[in-house]
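These are my notebook entries on one structure, written as I looked things up.

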Amino acid sequence: MSDIPAGTATRDPYRLGRTAGHGHHVFSATGHGEGGPASKFVTVAYGFWIFLLSDIIMFSAFFAAYAVLSNSAAGGPTGKELFELTRVAAQTALLLTSSFTGGLAMLATHRRSMAAAQFWLLVTGLLGAAFLFLEVQEFAAMVNEQAGPSRSAFLSAFFALVGCHGTHVGLGLLWLGTMMAQLWIKGFRPDILRRLHCFSLFWHALDIIWIAIFTLVYLLGASS
């Protein structure tokens with residue numbers, strides 16, 4: 001007696017494309033949904049998740065280097081002397097809010113509302129630009145105080161980690177501007193929606209990394 005219950009045979013992926021004698025195909029893949037290959041949206045999202053995981057592994061190396069070197073100030077300024085938590089709290093609020101407005105933009109694309117999608121994407125970009133402006137301002141102030149990346153191993157690790165995140169935000173803003181132009185010109189085509197979905201994943205991943213930086217670098221550094 002077969003272990004496969006009645007009614008489930010047509011869902012058995014191992015029997016796809018097999019014949020039932022006399023050359024008659026019993027099962028055939030449709031190319032969509034259950035029984036066929038995954039859609040392009042799923043495969044693109046899956047590939048982009050692999051890219052994000054590789055990016056997180058890279059940041060893990062930066063975090064590990066910072067953890068090892070965080071006490072190697074070489075007689076120079078420490079995090080407690082340099083970090084302004086008010087500025088960092090404002091940066092955190094800006095980035096988290098931009099992630100929220102990015103989510104609103106994605107909801108607008110699902111409703112096929114061009115005006116709402118463009119508006120929320122623009123707000124997301126402005127919030128991200130404000131975050132980046134504060135970060136550059138912080139770096140400039142530290143360099144003016146003779147606390148640049150060459151001052152100590154601690155500052156080298158700090159600039160490498162936080163600067164790498166800031167570079168990602170800058171590239172994300174360029175990506176966002178490109179997506180706004182493509183959405184405006186080409187509309188809600190499937191390939192545009194796939195790219196917007198990947199951008200949304202990228203932007204949310206930057207939030208997660210920033211929360212780790214805010215906690216492990218700024219909060220712990222200011223309290224030690």
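Predicted model: local features only at pLDDT ≥ 70, side-chain atom pairs only at ≥ 80, totals over all residues.

**Overall make-up**

I looked up the secondary structure and found 6 helices and 0 strands, where helices (H or I, at least four residues) and strands (E, at least two) are DSSP runs numbered from the N terminus. From the N terminus on, the order of elements reads α-α-α-α-α-α. Of the 224 residues, 41% count as buried, meaning under 20% relative accessible area, with over 50% called exposed and anything in between partly exposed, for a 1.4 Å probe and protein chains only. Among contacts (heavy atoms within 4.5 Å) between residues at least 6 apart in sequence, I read that 74% join residues at least 24 apart.

**Helix lengths**

I checked helix 3, residues 85-110, whose 26 residues should span 38 Å at 1.5 Å a residue, and the 38 Å between its end C-alpha atoms agrees. The expected span is 1.5 Å times one less than the number of residues. Helix 1 has 30 residues and reaches 44 Å from its first C-alpha to its last, close to the 44 Å expected.

**Helix 1 and its neighbours**

In helix 1, I listed A45, F48, L52, D55, F59, F63 and Y66 as buried, and what covers these buried residues includes helix 5 and helix 6. The axes of helix 1 (residues 40-69) and helix 5 (residues 153-186) come within 7 Å and cross at roughly 155°; axes are lines fitted to C-alpha atoms, for helices over the stretch in contact, and angles run from 0 to 180 degrees between N-to-C directions. The two helices are therefore roughly antiparallel, since angles over 145 degrees count as such, under 35 as roughly parallel, 65 to 115 as roughly perpendicular and the rest as oblique. Residues in this contact include F48, D55 and F59 of helix 1 and A157, C164 and W175 of helix 5. By class, the contact has 16 nonpolar, 2 polar and 1 charged residues, with Ala, Val, Leu, Ile, Met, Phe, Trp, Tyr, Cys and Pro counted as nonpolar, Asp, Glu, Lys and Arg as charged, and the others, Gly among them, as polar.

**Helix 6 and its neighbours**

Helix 3 and helix 6 pack at an angle of about 160°, with their axes 10 Å apart, and are therefore roughly antiparallel. Helix 4 and helix 6 have axes that come within 14 Å and cross at roughly 30°, so I wrote them down as roughly parallel. L121, T124, G128, F131, E135 and E138 in helix 4 meet L196, W203, W210 and Y218 in helix 6.

Is F159 buried or exposed? F159, which I found in helix 5, is buried, with a relative accessible area of 12%. Among the residues F159 touches, leaving aside those up to four places away in sequence, are F139, M142 and P149. F159 and P149 lie 10 residues apart in sequence and 6.0 Å apart in space, C-alpha to C-alpha.

Key. Residues numbered from 1 in each chain as written. Heavy atoms only, no water.
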